[in-house]
Amino acid sequence: MSRSEDAAVDADSVADAVAAFARGEPVLIHDAADREGETDLVYPAGAVSPEAVARMRNDAGGLVCVALSDRVADALELPFMQEVLDHPTAADHDLAYDERSSFSLTVNHRDTFTGITDEDRSLTIQELAAAATDPDPEAFSDAFRSPGHVHLLRAAPNGLSDREGHTELALELADAADLPEAAVVCEMLDDETGAALPPAAARAYADREGLVYVEGASLLERFD
């Protein structure tokens with residue numbers, strides 16, 4: 001395949017990913033071989049049904065997290081967890097793949113029971129999408145409790161200009177699809193090795209399931 005054909009395929013994959021997201025469908029995003037080297041199954045938060053949660057835990061197997069934009073996180077007064085943990089484990093937090101973790105609080109919606117079931121996590125995630133449309137810290141505190149079973153991720157202030165992680169990539173996709181600034185990411189793991197699912201296997205999964213697979217580099221070229 002020529003370079004021009006590669007570029008056309010990349011452009012098509014980005015357009016397909018945006019269209020899929022706008023329809024409420026999941027997309028597979030591989031960040032980069034020289035970063036985490038992981039493919040995440042990514043959903044618009046407002047479209048996460050109990051069946052979607054089941055798919056993430058069965059077909060992906062990683063941690064189900066909700067990425068929120070810096071604007072929304074700031075309005076909701078959500079901290080970076082590393083900055084508020086008063087414990088020695090929070091010190092000297094060097095990461096091999098990035099400068100800082102995106103982890104913020106963990107939450108359950110107050111209408112859930114334990115918070116871990118597919119139905120409970122779906123409710124929490126959908127309500128987080130609703131909260132992202134009109135972020136109000138008092139309403140957020142009234143609706144959610146911490147700790148919980150859904151991990152919140154806070155995007156870098158300048159998005160992909162600051163950080164090229166799945167958090168930022170997923171939120172750029174949501175923005176392009178004109179959706180709330182909340183997206184769900186879940187790492188795809190290999191059942192045989194226990195490691196990250198290789199990109200070729202992630203592509204094959206996407207093909208089997210009729211989903212869009214897109215490289216982070218293609219999204220960066222489009223959005224950064």
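This is a predicted model: local features need pLDDT of at least 70, side-chain atom pairs count only at pLDDT 80 or more; totals for chains, interfaces and linings use all residues.

Biologist: What do the buried residues of H2 pack against?

Modeller: They pack against strand E2 (39-44), H5, strand E6 (182-187) and helix H8 (199-209). Just after H2, Gly61 has a positive phi of about 95°.

Biologist: Arg55 is on that buried list. How should I read a charged side chain there?

Modeller: Look for a partner. Side chains of opposite charge can pair when their charged atoms come close. Here Arg55 forms a salt bridge with Glu209, at 2.9 Å from N to O. That pair links distant parts of the chain, with Glu209 in helix H8 and Arg55 in helix H2, 154 residues apart. Glu209 is partly exposed, at 38% relative accessibility.

Biologist: How many salt bridges are there?

Modeller: The count is nine. Another one joins Arg154 and Asp70, at 3.1 Å from N to O. Arg154 lies in strand E5 and Asp70 in helix H3, so the pair ties together parts 84 residues apart in sequence. Arg154 is buried at 11% relative accessible area, and Asp70 is buried at 19%. Asp74 also bridges to Arg154, with the closest N and O atoms 3.6 Å apart.

Biologist: Which residues are joined into one network by shared partners?

Modeller: Arg55, Asp59 and Glu209.

Biologist: Which side chain of opposite charge is nearest to buried Asp120?

Modeller: Arg145, 6.6 Å away. Asp120 has no salt bridge. It sits in helix H5, residues 118-133. Beyond its neighbours within four places in sequence, Asp120 contacts Thr112, Phe113, Thr114 and Gly115.

Definitions and conventions. Residues are numbered from 1 along each chain as its sequence is written. Side-chain values use heavy atoms; hydrogens and water are left out. Helices (H or I, at least four residues) and strands (E, at least two) are DSSP runs, numbered from the N terminus. Buried means under 20% relative accessible area, exposed over 50%, partly exposed in between (1.4 Å probe, protein chains only). Lys and Arg count as positive and Asp and Glu as negative; His and the chain ends are not counted. A salt bridge is a side-chain nitrogen of Lys or Arg within 4 Å of a carboxyl oxygen of Asp or Glu. Contact means heavy atoms within 4.5 Å.
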